[in-house]
Amino acid sequence: MAATACPANDAKQFESCWLEWINRYYPDYRTKLYMLPPVHFRKVPYIPKTIGGVSVLMPVTPEEQRKSLLQRSRRQLDSIASDTCSPQRVQDSDLRDDSAQEMVLNHLKKFGKKRGEGMFIISLLRCADYLRETSRTTEGQRCEKMGALKKEAVNFRRPCDLHYYHEDFDIILIHPKHGILVGEIKSVGANRCPEQRDVRQRVKEAVKQIERRRQIIAYLTEDLKVPVTMTLILPFVERRLLQQTLTDDKELLENLRSCLSPDAEDAEDAEDAERAARLCLCRDEFLAPDGKEWPAGSKLGDWWQHQMSGRPGIAMDVYELLLARFCGPATTISVACVTSPRVQVQVRTEGQAVSEMGRRQAMLTLTPDQVSLLSAPPCRVFLAGPPGTGKTLMLVLVGLQWLYTGRDVHVISTWGHSLAAACLIHQQLQDNLVQNMESPTVFSGDDNTREDLASVRQTPGSPVLHSFNFYDNDEDVEVAVQTLVEVAKKDGEVFVLLDEFKLKNEHPPTAGQESTDVGGAKCQEGSDDSSQQPLKTNSNLSGKWLRFVKLLCERVPGAHIWAASLAHLNTPEELETVRLTLPLRCAPKVLQQVKVGLSELKHIADYSEQEVRTSHDGLNVVTLVHSGQGHEAAWPLDCRECGRRIAEQLHQLGVGDTETGEPSGPSPQKLQYGDVFILTNSFSQIHDDIRDETGAVTEPANGLVQGLREAGVARLRVVRNRNYGSEELSREVEEVARARTDCVTLAHRGAVSGLERKVVVWLPGRIDGLDDDLSDAQLDKYDRVYAMSRCTTQLIVVKQNEHV
């Protein structure tokens with residue numbers, strides 16, 4: 001079926017408008033590598049659970065997911081299908097294909113960056129998405145230039161004309177010199193050593209698919225006369241095995257050679273298995289014989305030089321037309337949605353990728369052991385573990401269970417650095433109550449069952465926030481205990497949540513102290529290891545906290561207490577210690593940074609070797625350097641140039657962008673100012689403009705603040721630490737925790753303990769008096785654990801100099 005002819009002038013206007021869009025979103029397309037989507041989104045098998053009226057996801061194996069679904073009745077399945085947290089069904093083959101696709105994309109990315117040439121790599125493009133929105137150039141609008149054009153007047157060629165609407169392309173690489181490379185990926189050998197019959201079967205399938213892809217690409221680009229190279233990609237199959245398979249099957253050899261190199265005239269090529277095998281990308285191009293990756297895609301570069309360099313070149317205007325059609329706003333670049341509604345979500349820019357990754361990272365996820373613990377929660381629990389292991393989430397969920405059985409829940413902040421986490425927990429408890437007032441539910445022990453509150457209590461309880469300051473006021477320990485004692489006298493019981501408890505670890509735990517491990521390896525109790533010797537402390541905050549727990553348990557024997565901290569040493573004897581060591585909340589690249597910090601902080605347990613499969617491979621950490629021209633201040637906090645460069649990075653991600661320049665269709669929410677933390681390690685220096693009663697500036701803001709505003713970061717909240725412990729600071733921290741306003745937040749790392757943001761910028765710094773005995777390397781370890789861990793998706797690090 002031929003496409004309807006379109007007037008040449010109209011078509012050019014469409015393509016010109018699309019190219020303007022390319023220039024805006026990919027300004028360096030002539031010289032820079034772009035990946036579409038910018039990251040690889042994986043399929044992860046989940047089982048939905050309901051805890052405290054909240055839907056959570058539990059990562060499992062595909063087999064466990066299959067068994068769980070089979071055990072449910074049709075009524076339950078229908079209910080799950082309509083749930084916003086209902087996950088996609090994932091097969092073992094999906095995981096194999098994911099690993100193959102991700103491996104190929106990672107190597108292509110390294111290869112492209114090493115070459116330093118402009119190119120676009122499109123992953124998993126569905127034929128149905130090519131030029132899907134021909135008349136669209138902005139979200140819900142037509143380009144002004146095309147206002148007079150009718151959609152029916154322009155009908156570009158599309159795959160559906162060839163009845164290939166449901167086909168897709170694993171890899172399309174568009175190069176400004178060598179045209180188009182189309183790759184068909186087969187994951188044979190992903191989970192076991194491939195055998196010759198497996199390879200033969202997959203190659204036969206690939207030959208048919210590659211031939212169809214060739215027909216589609218030739219049809220779509222016929223007017224451009226673009227050279228097209230087809231290849232079969234077998235990332236887990238060695239070339240010698242492929243060559244042997246082709247040698248033993250002459251028909252397969254001829255078919256493969258014909259679809260990969262149809263213009264070859266040499267008759268000997270048809271019988272040359274070695275030459276045919278070299279037309280494919282095999283394990284040899286990705287991994288060395290010892291299983292390690294080749295440096296920076298060196299072998300992939302050799303293949304490229306042999307297969308692509310001799311191809312006829314294309315002109316820059318043809319390259320631009322290819323980008324306008326394949327990468328412009330009319331073509332949908334989408335990824336599968338993990339949970340319902342199961343629609344394809346457009347992810348084509350790094351900002352969209354960060355937003356979508358952050359959304360997926362923020363999905364409420366628990367391990368099977370955590371779900372089991374919450375199904376019959378003990379009265380007194382102390383959760384200990386490194387950042388991002390679900391401690392705060394578990395406090396919220398157990399608090400909801402208490403609320404929905406009619407109990408008031410008292411959320412306690414014991415010092416300045418726990419206030420943000422306490423406000424967050426309190427806010428989430430309140431929000432869930434509001435959302436579930438019409439049909440509240442509770443977790444009943446059966447992980448698939450919901451019960452009406454009427455069967456338990458008539459009215460849910462209320463969350464109550466208390467703020468104390470153990471750090472500065474010894475009397476606050478007694479005040480806090482007595483406050484909760486009065487609650488117990490009035491209600492007959494008391495339910496308490498505490499997060500971000502500060503344990504200074506003056507001594508290791510005693511031998512035999514009760515401890516349970518959830519989701520990771522057990523830590524040795526009572527160890528004599530020198531790394532667990534007393535740590536230097538500047539206050540007796542740990543002692544005050546232990547005294548608070550001891551007094552509360554003595555005066556209210558039936559008190560329900562759940563608490564959480566990073567530290568696993570010197571925990572209270574009155575609470576059952578539960579270790580959480582499986583990372584759930586950090587992107588893979590961020591997690592790597594945090595692990596470096598944990599390697600020497602022995603009071604915090606390491607992450608377990610077993611890891612939960614994340615839904616994406618993540619973006620690389622962005623590094624800026626505070627040195628060179630314009631960087632005149634001693635520290636980044638006082639540097640206007642650092643502020644400008646940070647603002648430039650935020651603008652590239654589209655933070656706060658209000659323009660409607662994105663294609664129509666489902667897209668991730670644009671990154672907001674409130675999705676960004678800028679954190680540093682300084683108590684006294686962080687401040688905005690200080691004004692007198694007349695409004696005149698008596699002391700200007702930090703240089704970084706000035707640079708950010710000069711570069712267009714319009715909404716910026718500076719959490720001032722000059723008056724630590726003041727009511728003003730408490731109000732500012734509460735505003736940040738409750739996210740009431742859309743602002744970038746600049747703060748000391750401790751002011752936001754327990755909070756997370758999609759984008760975190762880290763600035764090095766020192767606190768005079770407190771950090772004098774710490775080396776730069778030691779400070780760096782703490783910064784990674786206490787600041788960088790606040791990031792769920794995109795981490796931006798400012799280094800003091802190039803050698804740090």
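Student: Taking contact to mean heavy atoms within 4.5 Å, what share of the chain's contacts with a separation of 6 or more comes from residues 24 or more positions apart?

Tutor: This is a predicted model, and in it such residues account for 79% of those contacts.

Student: OK, and the overall make-up? How many helices and strands does the chain have?

Tutor: There are 22 helices and 27 strands. Of the 804 residues in the chain, 56% are buried.

Student: Let's do sheets. What is the strand order in the open sheet with parallel pairing?

Tutor: That sheet has 6 strands, ordered β20-β27-β26-β21-β25-β24. Its neighbouring strands are turned against each other by 20 degrees on average, ignoring direction.

Student: Which strands stand at the edges?

Tutor: β20 (622-625) and β24 (716-718) do. Each has a single partner strand, so one side of each has no neighbour in the sheet.

Student: What does β20 pair with, and where do residues line up?

Tutor: β20 runs parallel to β27, joined by 4 bridges. In that pairing, Val 625 is opposite Lys 799 of β27.

Student: And β26? Which strands is β26 joined to by bridges?

Tutor: Strand β21 (residues 676-680) is joined to β26 by 4 bridges, and strand β27 (residues 791-799) by 5. The strands run parallel in the β21 pairing and in the β27 pairing. For landmarks, look at Val 676 opposite Val 759 in β26, and at Val 761 opposite Ile 796 in β27.

Student: How does the chain get from β26 to β27, and what is the handedness of the crossover?

Tutor: The chain passes through α22 on the way, making a right-handed β-α-β crossover.

Student: Which residues of α22 are buried?

Tutor: In α22 (residues 776-786), the buried ones are Leu 779, Lys 781, Asp 783, Arg 784, Val 785 and Tyr 786. They pack against α18 (588-598) and β26 (757-762).

Student: Is β26 itself enclosed or open, and why?

Tutor: β26 is largely enclosed by the rest of the structure, because 6 of its 6 residues are buried.

Student: Which helix packs on that sheet, touching β26 and β27?

Tutor: Helix α12 (residues 350-361) does, and its direction makes about 125 degrees with that of β27.

Student: Switching over: what does the sheet with mixed pairing look like?

Tutor: It is an open sheet of 6 strands in the order β1-β4-β5-β6-β7-β8. At its edges are β1 (33-36) and β8 (281-282), each pairing on one side only. β1 runs parallel to strand β4 (residues 119-126) through 4 bridges, with Phe 120 of β4 as the bridge partner of Tyr 34.

Student: Which strands do α5 and α11 lie across?

Tutor: α5 lies across β5 (168-175), β6 (179-185) and β7 (228-234), at about 155 degrees to β7. α11 lies across β4, β5 and β6, at about 150 degrees to β5.

Student: What about the nonpolar cores? How many residues are in the largest one?

Tutor: It has 64 residues, and Leu 242 and Phe 326 have the most contacts inside it. Helix α5 (residues 196-220) gives the most to this core, with 9 residues. A second, separate core has 38 residues, among them Cys 337, Val 354, Ile 646 and Leu 704.

Student: Which residues does Phe 326 touch?

Tutor: Leaving aside residues up to four places away in sequence, its contacts include Ile 122, Tyr 130, Ile 174, Ile 217 and Ile 333.

Student: New topic: how many disulfides are there?

Tutor: A search of the whole structure finds 0. For Cys 280, the nearest cysteine sulfur belongs to Cys 282, 5.6 Å away. Cys 280 is buried, with a relative accessible area of 0%.

Student: Last one: where is Gly 310, and is it buried or exposed?

Tutor: Gly 310 is in the loop between α10 (298-307) and α11 (316-326). It is exposed, with a relative accessible area of 74%. Its C-alpha atom is 8.6 Å from that of His 178, a residue 132 positions apart from it along the chain.

Terms used
Residues numbered from 1 in each chain as written. Predicted model: local features only at pLDDT ≥ 70, side-chain atom pairs only at ≥ 80, totals over all residues. Heavy atoms only, no water. Disulfide = S-S within 2.5 Å. Buried < 20%, exposed > 50% of the residue type's maximum accessible area, 1.4 Å probe, protein only. Helix = DSSP H or I, 4+ residues; strand = E, 2+ residues; numbered from the N terminus. Contact = heavy atoms within 4.5 Å. Pairing = 2+ DSSP bridges. Right-handed = clockwise from strand over helix to strand, strands pointing away. Core = buried A, V, L, I, M, F, W, Y, C linked by side-chain atoms within 4.5 Å. Axes fitted to C-alpha atoms, helices over the stretch in contact; angles between N-to-C directions.
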